[in-house]
Amino acid sequence: MLVPLGDYTLETDKLIQALEYEWEDEGGFLWRLRDRSFDAEGAKRLESLLQSISFENIDCIDKRLMQLLWFVPTFLQWCVETFRGISEDSNETYYVKQCEGRIQKIFVELLGIP
């Protein structure tokens with residue numbers, strides 16, 4: 001999904017709505033992680049959504065989009081520690097850690113490293 005420079009398009013709007021769902025709706029993957037509930041289908045949905053983003057040839061990124069994106073990797077790292085604190089042997093800890101690694105890789109591909 002291409003986010004165009006300076007122009008708030010339907011594609012940008014759909015992407016923002018999808019990310020808002022993941023953060024703010026009770027069925028959203030990130031929302032459910034706050035409640036210490038790992039949802040494998042939600043993880044796949046978020047990964048797919050993030051992989052659909054392309055910032056090629058883009059000089060400016062929508063502020064709301066960045067608000068929804070920037071905290072995802074940090075939040076997932078926090079979740080790994082939270083799940084680990086619940087139980088060292090928890091399968092959910094393993095799944096959250098695997099998801100965090102995959103999403104971190106997606107962000108590196110999407111944004112690069114400094």
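Q: What makes a run of residues a helix or a strand?
A: Helices are DSSP runs of H or I with at least four residues, while strands are E runs of at least two. In this predicted model, that gives 6 helices and 0 strands. Read along the sequence, then, the pattern is α-α-α-α-α-α.

Q: How do you know that H5 spans about what is expected for a helix?
A: You set its span against the expected one. H5 has 15 residues, and its first and last C-alpha atoms are 21 Å apart, close to the 21 Å expected at 1.5 Å a residue.

Q: Why is glutamate 22 called buried?
A: Buried means under 20% relative accessible area. Glutamate 22 has 2% relative accessibility, so it counts as buried.

Q: What makes the pair of glutamate 22 and arginine 45 a salt bridge?
A: A side-chain nitrogen of Lys or Arg has to be within 4 Å of a carboxyl oxygen of Asp or Glu. For glutamate 22 and arginine 45, the closest N and O atoms are 2.5 Å apart, so the pair passes.

Q: Why is arginine 45 called partly exposed?
A: Its relative accessible area is 32%.

Q: What separates lysine 44 and glutamate 41 along helix H3?
A: About one helical turn, because they are 3 residues apart in that helix. Their side chains meet in a salt bridge at 3.6 Å, N to O. Both lysine 44 and glutamate 41 are exposed.

Q: How many salt bridges does this rule find?
A: The count comes to 7. Glu20, Glu24 and Arg64 are linked in a network of salt bridges.

Q: How do you know that cysteine 79 is in no disulfide?
A: A disulfide needs two cysteine sulfur atoms within 2.5 Å. A search of the whole structure finds 0 disulfides. For cysteine 79, the nearest cysteine sulfur belongs to cysteine 99 and is 9.2 Å away, which is too far for a bond. Cysteine 79 is buried at 1% relative accessibility, and cysteine 99 is buried too, at 0%.

Q: What makes a set of residues a nonpolar core?
A: The largest nonpolar core here has 30 residues, and Leu19, Phe29, Leu30, Leu33, Leu46 and Leu50 touch the most other members. Helices H1, H2, H3, H4, H5 and H6 each supply at least two residues of this core. In soluble globular proteins, nonpolar side chains tend to be buried together.

Q: Which residues does phenylalanine 29 touch, not counting those up to four places away in sequence?
A: They are Glu22, Phe38, Asp39, Gly42, Ala43, Arg45, Leu46, Leu76 and Cys99.

Q: Which residues of H5 are buried?
A: Val72, Pro73, Phe75, Leu76, Cys79, Val80, Thr82 and Phe83 are. Across the protein, buried residues make up 37% of the 114 residues.

Key: Residues numbered from 1 in each chain as written. Predicted model: local features only at pLDDT ≥ 70, side-chain atom pairs only at ≥ 80, totals over all residues. Heavy atoms only, no water. Core = buried A, V, L, I, M, F, W, Y, C linked by side-chain atoms within 4.5 Å. Buried < 20%, exposed > 50% of the residue type's maximum accessible area, 1.4 Å probe, protein only. Contact = heavy atoms within 4.5 Å. Expected span 1.5 Å × (residues − 1).
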